[in-house]
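This report goes through one protein chain, from its overall form to a few single residues. Please look over the sequence and structure before reading on.

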Amino acid sequence: MTKWIRAKVLKIKKWSPNLFSLILKAKIAPFIPGQYNKLLLNKKSSIQRAYSYVNSSNKQNLEFYILLIPNGKMTPFLYSLNVNEKIYISKESFGFFTIREIPKKEILWMFSTGTAIGPYLSILQEKKEILRFKKIVLIHAIRYFKDLNYLPLINNIKKQYGEKFSFISVTSREKNKNSLFGRIPKLIENNSIENKLNLKIQKETSHIMLCGNPNMVKDTIKLLYNIKNMRKHLRRKCGEITSENYW
């Protein structure tokens, strides 16, 4: 049974009319970067939603990157919260979308769409276990280049990792000289991502992490199955693909 505790709202960053970050303070149990927590509307309601951490586990404040669903049951409430208000959060965290679950390979590919970049930022800021990869590639797909709200943080991560780390943004609604254009599955299929980085997605050397829109995750897995002979990674059977859907 979920144990709920109270969290204090420290800040809400409203990046755009539909994207915001919620920053909370709460005495939760230790978590592993890549995991998620659950927020509860109120103690009289059964409405709860899962959100991944953006912050590393050694940070005191908890940060969640959220897409506002105008007719949703949870996000309009979160978007309208004020500083110092209280909300309920789970004491424990959940999920296995973590680096410790991934076998050692030369290259770690992190594919994300929209707010699903959150768990990768948590993992990359923490650094635990991820340094065993020779190369780390983060791909973030958004609609417009202006939606790269965490670009300053990504640039700071790049400085810390140096040549070990590469970042590519992908836009789907506009062409921008600083991004690739299109959808992640197509850009893998036509080798655009590999050509830009001069790196190969190969079964022998690569592990793929997919997080985001369920259609992106499904289509990319299918493509990797067919053209790269890759398979999903399971605890009982080693593979090359680890995935998590964002709804």
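Of the 247 residues of the chain, 53% count as buried, where buried means under 20% relative accessible area, exposed over 50%, and partly exposed in between (1.4 Å probe, protein chains only). The model is predicted: local features need pLDDT of at least 70, side-chain atom pairs count only at pLDDT 80 or more, and totals for chains, interfaces and linings use all residues. Residues are numbered from 1 along each chain as its sequence is written, and side-chain values use heavy atoms, with hydrogens and water left out.

**The chain as a whole**

The chain holds six helices and 12 strands; helices (H or I, at least four residues) and strands (E, at least two) are DSSP runs, numbered from the N terminus. Along its principal axes, the C-alpha trace spans about 50 × 40 × 35 Å. The radius of gyration is 18 Å, which agrees with the value near 18 Å for a compact globule of 247 residues. That radius is taken over C-alpha atoms, and the globule rule is 2.2 Å times the number of residues to the power 0.38.

Among contacts between residues at least 6 apart in sequence, 70% join residues at least 24 apart; contact means heavy atoms within 4.5 Å. The accessible surface comes to about 12800 Å², and 49% of this belongs to carbon and sulfur atoms. Such areas come from the Shrake-Rupley method with a 1.4 Å probe; for residues, only the protein chains shown count as cover.

There are 45 positive and 16 negative side chains, and the centres of the two sets lie 6 Å apart. Lys and Arg count as positive and Asp and Glu as negative, while His and the chain ends are not counted. The place of a charge is taken as NZ of Lys, CZ of Arg, CG of Asp or CD of Glu.

**The nonpolar cores**

A nonpolar core is a set of buried Ala, Val, Leu, Ile, Met, Phe, Trp, Tyr and Cys residues joined through side-chain atoms within 4.5 Å. The largest one has 29 residues, and those with the most contacts inside it are Ile99, Met110, Leu124, Ile130, Leu138, Phe165 and Met209. Two or more residues each come from strand 7 (107–113), helix 2 (118–126), strand 8 (135–142), helix 3 (151–161), strand 9 (165–171) and strand 11 (206–212). Helix 2 gives the most, with four residues.

Leaving aside neighbours within four places in sequence, Ile99 is in contact with Leu108, Met110, Ile123, Lys128, Glu129, Ile130, Arg132, Phe133 and Met209. A second, separate core of 25 residues includes Ile107, Met216, Leu224 and Ile241.

**Helix 2 and the residue after it**

Helix 2 is mostly covered, with eight of its nine residues buried. These are Gly118, Pro119, Tyr120, Leu121, Ser122, Ile123, Leu124 and Glu126. Their cover includes strand 4 (48–52), strand 7, strand 8, helix 3, strand 9 and strand 11.

Lys127 follows helix 2 and is found in the loop between helix 2 and strand 8. Its phi is near 75°, a positive value in a residue other than glycine. Most residues other than glycine have a negative phi. Asn198, in the loop between helix 5 (192–197) and strand 11, also has a positive phi, near 60°.

| Residue | Relative accessibility | Class |
|---|---|---|
| Ser21 | 0% | buried |
| Pro33 | 11% | buried |
| Lys127 | 27% | partly exposed |
| Asn198 | 71% | exposed |

Two of the residues in the table have their surroundings listed below. Pro33 lies in the loop between strand 2 (19–25) and strand 3 (36–40). Not counting residues up to four places away in sequence, Pro33 touches Ser57, Phe97, Thr98, Ser122, Ile123 and Glu126. The C-alpha atoms of Pro33 and Glu63, 30 residues apart along the chain, are separated by 12 Å.

Ser21 lies in strand 2. With residues up to four places away in sequence again left out, Ser21 touches Lys11, Ile12, Lys13, Trp15, Glu63, Phe64, Tyr65 and Tyr150. Ser21 and Ile99 are 78 residues apart in sequence and 24 Å apart in space, C-alpha to C-alpha.
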